[in-house]
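Welcome! Take a moment to look over the sequence and turn the structure around before reading on. The briefing below then walks through it topic by topic.

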Amino acid sequence: MVSALLGSSLLVLAGLGCSPADRNGRTEPTAAPVPSASAPSGPIPVRAACEAPLPESWRSALAAGEFHAPSGQRAVLTEVGPRARWTVVQLSDGRSRRAAVVEDTEAPRTLLTFTDPVEHQLLAADVSADGRWTAFAVLEGRTLDSPWSLYVQDAEGGMRRLARSALPGPLPQPVVRDGSVFWAQGTGRGRATIFTSPVRPPGSGDAAPAPRALHSGVIEAPFAAGGLLAWREASADGRSTKLSALSFATLRPAGLPGPLAALRNLRSPASDGTTWAWVEEGGNAGNAGDGAGAGDAGEGEEGRQGGDPRLVVWRQGQPAPVARLSGAPAAEGLDQLRISGELITWRTPEAAYALDLRTSAYTRITPQYGYAQARAGALAVAYQGDRAKGPDARSVIQVVRADRLPRLPKPRDCG
């Protein structure tokens with residue numbers, strides 16, 4: 001039942017190397033859920049988005065924001081920061097491999113040079129709001145069951161390892177917030193625990209305290225959603241999956257907004273705190289009753305007992321979630337959803353896409369394969385610049401201010 005509901009963790013290879021991966025897992029609750037607004041019953045309404053060609057304005061902005069790796073080095077995109085103030089990349093030259101952070105137009109600053117330039121890979125990273133502290137995770141092998149280590153580095157000097165795990169579980173996706181790092185790691189028997197640790201050990205010269213356990217179960221890696229740390233886990237009876245959250249302010253369980261607490265069996269959830277998006281597989285997603293929400297007035301409704309996966313979106317102030325996209329090719333195998341205001345990005349096995357909620361238009365944003373990341377006013381795109389593979393392939397990384405991009409034009413024949 002566990003594997004059928006959530007599957008195993010995936011490390012997605014997207015031509016350039018490791019793209020941020022889905023961390024699938026499942027959990028049993030360790031505390032009673034906090035009451036949240038209930039979701040109205042009924043099927044999810046459909047407000048289909050329409051595909052548009054990548055406009056020249058976007059193409060030009062992305063080209064102007066291309067990251068140029070140091071001579072002789074190949075870059076892999078790992079994470080982009082709010083308003084594109086920083087970007088974390090992996091840099092390799094055939095003899096060495098390192099994790100680095102690029103701030104504005106400055107040269108890459110090395111976080112860590114890997115001891116094994118072949119086996120070790122940069123998995124994920126996050127940077128504090130002031131740019132001083134960078135948390136990053138390194139996979140110490142080529143397979144998903146390889147050990148990994150989580151580090152935090154001080155731009156003013158010093159670095160320490162927060163955790164190391166050799167047990168199966170969600171791959172680490174560190175979240176840096178309010179002077180602390182949050183992550184999940186396997187603890188055995190299919191379970192995992194969400195931990196937190198301060199970026200700076202308290203007291204001058206004091207040893208770092210042991211990480212504090214916040215929640216245990218069989219869970220996915222948590223993600224930041226405004227003032228919440230959210231994650232997907234199993235219901236108490238083990239028959240479905242749901243969203244859970246804790247408050248960054250109190251580190252205690254927190255209620256989810258609107259209809260989210262009642263949703264079941266959603267996949268690849270993402271949020272920026274205002275907009276939430278997830279994947280509904282056929283007719284499997286819904287609320288604890290018989291649906292995931294009632295439609296807006298005047299909107300058509302569609303009952304589903306199966307079919308293609310759908311991209312579903314809910315925003316603060318809406319009475320119910322709305323299905324925005326389904327079917328091949330844009331929704332076929334979609335995952336790695338990311339959100340920045342009015343922009344949602346995702347990848348499929350063939351390409352990466354972006355949806356503009358202002359116009360209900362979406363576009364293919366990479367020529368082939370690759371991936372995209374929208375986050376807090378930033379958009380990062382990565383793909384291979386030619387069809388060559390291996391160490392000689394030309395990698396393209398483009399980073400722009402998403403909040404400065406013009407709206408995607410809505411096709412004339414879009415309903």
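Is T345 buried or exposed? T345 is buried, because its relative accessible area is 0%; buried means under 20% relative accessible area, exposed over 50%, and partly exposed in between, with a 1.4 Å probe and protein chains only. Please keep in mind that this is a predicted model, in which local features need pLDDT of at least 70 and side-chain atom pairs count only at pLDDT 80 or more, while totals for chains, interfaces and linings use all residues. Residues are numbered from 1 along each chain as its sequence is written, and side-chain values use heavy atoms, with hydrogens and water left out.

**The chain as a whole**

- The chain has two helices and 27 strands; helices (H or I, at least four residues) and strands (E, at least two) are DSSP runs, numbered from the N terminus.
- Of the 415 residues in the chain, 56% are buried.
- Among the contacts in the chain with a separation of 6 or more, 53% join residues 24 or more positions apart; contact means heavy atoms within 4.5 Å.

**Around T345**

- You will find T345 in strand 22, which covers residues 343–347.
- A polar atom of the T345 side chain lies 3.2 Å from the backbone nitrogen of A374. For comparison, a polar contact is a pair of N or O atoms within 3.5 Å; within protein, one must be able to donate a hydrogen and the other to accept it, and residues adjacent in sequence count only if both atoms are side-chain atoms.
- Leaving out residues up to four places away in sequence, T345 touches Q336, L337, R338, Y353, A354, A372, Q373, A374 and L379.

- Axes are lines fitted to C-alpha atoms, for helices over the stretch in contact, and angles run from 0 to 180 degrees between N-to-C directions.
- Six bridges hold strand 2 and strand 3 (residues 86–92) in an antiparallel pair, and A75 has L91 in strand 3 as its bridge partner.
- Another open sheet has four strands in the order 10-11-12-13, again with antiparallel pairing.
- Strand 10 (175–177) and strand 13 (212–217) stand at its edges with a single partner strand each, so one side of each is left without a neighbour in the sheet.
- Neighbouring strands of the 10-11-12-13 sheet are turned by 25° against each other on average, direction ignored.
- Strand 12 (residues 191–198) and strand 13 run antiparallel and are joined by five bridges; T193 has S216 in strand 13 as its bridge partner.

**A hairpin**

- Strand 8 and strand 9 form a hairpin with four residues between them, and G157 in the turn has a positive phi of about 120°.
- Strand 8 pairs with strand 9 (residues 159–165) in the antiparallel sense over six bridges, and the bridge partner of S149 in strand 9 is R164.

**Aromatic rings**

- The whole structure holds seven aromatic pairs. Rings of Phe, Tyr and Trp (its six-membered ring) pair if their centres lie within 6.5 Å; planes under 30 degrees apart count as stacked, over 60 as edge-to-face and the rest as tilted.
- F136 and Y151 form a stacked pair, 5.4 Å centre to centre with 20° between the planes.
- This pair links F136 in strand 7 (residues 133–140) with Y151 in strand 8 (residues 148–154), 15 residues apart.
- F136 is buried at 0% relative accessible area, and Y151 also counts as buried, at 14%.
- F182 and F248 make an edge-to-face pair, because their ring centres are 5.2 Å apart and their planes are at 70°.
- F182 lies in strand 11 (residues 180–188) and F248 in the loop between strand 16 (241–247) and strand 17 (267–271), so the pair ties together parts 66 residues apart in sequence.
- Both F182 and F248 are buried.
- W346, Y353 and Y362 are linked into a cluster by ring pairs.

Definitions and conventions
Two strands pair if DSSP finds at least two bridges between them.
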